[in-house]
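Please look over the sequence and the model shown here.

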Amino acid sequence: MTPRHMPIEAAQSLRYMTLLNTSRSLVGLTPKPEDCKDIARMIMELAVYEKMPDQVKISHKELERDGFGPNPFYQCLVAEVPEDHKSKDGHTKVGYALFFYTYSTWKGRTVYMEDLYVMPEYRGKGIGKALMATVAKVAKEQHCVRLQFSVLDWNKPSLDFYLAKGAEDLTAKEGWHFLRFHGIALDNLALEAP
Amino acid sequence: MFLLSNPSQQELAEHEKVSDQVKITQKDLEQDGFSKNPFFHGIIAEVPEHLKSRDGHTKVGYSLYFYTYSSWKGRAVYMEDLYVMPEFRGKGIGKALMSKVSQLGLAAGCTQLNFTVLDWNKSSLDFYLKQGCWDVTSDLGYHCMRCEGDALENLAQGDL
């Protein structure tokens with residue numbers, strides 16, 4: 001089991017990135033393990049927005065274990081504001097994009113964006129767009145030809161956001177459905193392996 | 001009756017689908033599947049010589065998969081392809097391939113096996129649903145989205 005990861009040089013070059021050309025710049029940085037508590041906080045905020053907070057089963061501990069080291073399962077960009085722009089609750093890490101590399105047997109290397117999230121009080125400032133653009137930039141640097149992700153069909157603001165950027169809805173257009181094995185069904189399936 | 005093996009470089013590349021839509025080559029598969037940090041893993045189903053196909057093939061099915069991550073559940077495995085040559089279907093090979101992927105996924109600490117199916121592909125849908133999986137798109141409303149070509153290019157340049 002050897003998941004893919006970006007070369008170290010590319011990761012370091014993404015460490016600081018100016019997201020907005022304003023008098024106060026917003027900086028996206030590749031997280032350190034201690035940032036996982038903020039990422040876990042925002043993962044839960046996104047789950048609440050998607051109306052499924054009880055589905056979040058991992059904590060910052062799994063994020064730390066799985067996102068760092070020589071074979072990470074995912075990559076993450078975090079958007080941070082300066083201290084004097086911190087949120088009502090005192091947070092300076094205000095958005096994130098979590099993604100990983102996948103593969104199409106027809107087209108080759110692909111990036112899958114698992115999460116894109118910006119705290120509500122920081123929306124409408126171009127942070128989500130900048131995070132997504134950086135994911136796309138990383139994808140291109142790694143010779144990926146597709147960026148894929150999923151959206152809930154009732155989530156009209158997000159759907160409109162993505163469609164406006166040229167994304168295609170493959171479920172609506174071609175009829176693709178996500179299927180999943182988990183829990184007992186997955187255990188039972190594995191037991192039958194030769 | 002059949003055995004599952006990890007493919008050699010040459011063997012996996014030979015099982016690439018032949019279609020106008022396929023843009024990657026044998027060389028891409030070799031590079032991307034067999035480097036230090038591969039983009040995918042594969043399993044091949046092989047039959048003994050005396051049971052080979054009409055065209056003389058003993059490698060009669062495969063599954064291509066890779067590891068992914070759920071921000072809610074952690075490590076997961078995604079099965080990109082599952083294929084058995086038509087003359088070898090109905091013998092449990094497809095199920096064995098899928099079972100092997102799930103076994104390997106569980107061993108790697110994964111809690112989900114994910115994949116996609118076209119909604120008109122009733123025989124595949126029935127096969128999978130019978131094995132106990134669920135349709136996340138139908139049940140929860142998740143849509144698969146994609147940016148590629150000019151859309152990906154424009155997004156990367158921030159020209160939106």
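Strand β3 (residues 59-70) of chain B pairs with β4(B) in the antiparallel sense, over 10 bridges. Strands here are DSSP runs of E with at least two residues, helices are runs of H or I with at least four, and both are numbered from the N terminus. Two strands pair if DSSP finds at least two bridges between them. This is a predicted model: local features need pLDDT of at least 70, side-chain atom pairs count only at pLDDT 80 or more, and totals for chains, interfaces and linings use all residues. Residues are numbered from 1 along each chain as its sequence is written, chains are lettered from A and ligands numbered from 1 in the order in which they are written, and side-chain values use heavy atoms, with hydrogens and water left out.

**Strands of chain B**

β3(B) and β4(B) form a hairpin, with 3 residues between them. One bridge joins B:Ser63 to B:Leu82 in β4(B). β4(B) also pairs with strand β5 (residues 112-118) of chain B, in the parallel sense and over 2 bridges. There, B:Val77 has B:Leu113 in β5(B) as its bridge partner. The path from β4(B) to β5(B) runs through helix α3 (residues 93-107) of chain B, and this β-α-β crossover is right-handed. Right-handed means that the path from the first strand over the helix to the second runs clockwise, with the strands pointing away from the viewer.

Why is strand β4 (residues 74-84) of chain B largely enclosed by the rest of the structure? Of its 11 residues, 8 are buried, so the rest of the structure largely encloses it. Buried means under 20% relative accessible area, exposed means over 50%, and partly exposed lies in between (1.4 Å probe, protein chains only).

**The nonpolar core**

The largest nonpolar core has 97 residues. Such a core is a set of buried Ala, Val, Leu, Ile, Met, Phe, Trp, Tyr and Cys residues joined through side-chain atoms within 4.5 Å. Which members touch the most other members? They are A:Tyr96, A:Leu147, A:Phe149 and B:Leu113. Strand β4 (residues 93-104) of chain A gives the largest share of this core, 8 residues.

A:Leu147 has contacts in both chains. Contact means heavy atoms within 4.5 Å. Leaving aside neighbours within four places in sequence, the contacts of A:Leu147 include A:Val111, A:Met113 and A:Met132 in chain A, and B:Met145, B:Cys147 and B:Leu155 in chain B.

**Salt bridges**

Over all chains, the structure holds 18 salt bridges. A salt bridge is a side-chain nitrogen of Lys or Arg within 4 Å of a carboxyl oxygen of Asp or Glu. Among them are these:

| Pair | Closest N to O |
|---|---|
| A:Arg41 and A:Glu45 | 3.0 Å |
| A:Glu121 and A:Lys88 | 3.4 Å |

A:Arg41 and A:Glu45 both lie in helix α2 (residues 36-49) of chain A. They are 4 residues apart, about one turn of the helix. A:Arg41 counts as buried, at 17% relative accessibility. A:Glu45 is partly exposed, at 24%.

The salt bridge of A:Glu121 with A:Lys88 links two loops. A:Glu121 lies between β5 (108-118) and α4 (127-141) of chain A and A:Lys88 between β3 (75-80) and β4 of chain A, so the pair ties together parts that are 33 residues apart in sequence. A:Glu121 is partly exposed at 34%, whereas A:Lys88 is exposed at 71%.

A:Arg146 is in strand β6 (residues 146-152) of chain A and B:Glu148 in strand β7 (residues 142-148) of chain B, so the pair joins two chains. A:Arg146 is buried at 8%, and B:Glu148 is partly exposed at 26%.

**Chain A and its annotated region**

Chain A has 7 helices and 8 strands. Of its 194 residues, 54% count as buried. An unreviewed UniProt entry places the feature "domain: N-acetyltransferase" at residues 47-194 of chain A. UniProt positions are given in the numbering used here, feature names are shortened, and annotations may be inferred rather than shown by experiment. The span is 33% helix and 30% strand, and its end C-alpha atoms lie 38 Å apart.

A:Phe68 lies in the loop between α3 (60-67) and β3 of chain A. A:Phe68 is partly exposed, at 24%. A:Phe68 and A:Pro33 are 35 residues apart in sequence and 7.3 Å apart in space, C-alpha to C-alpha.
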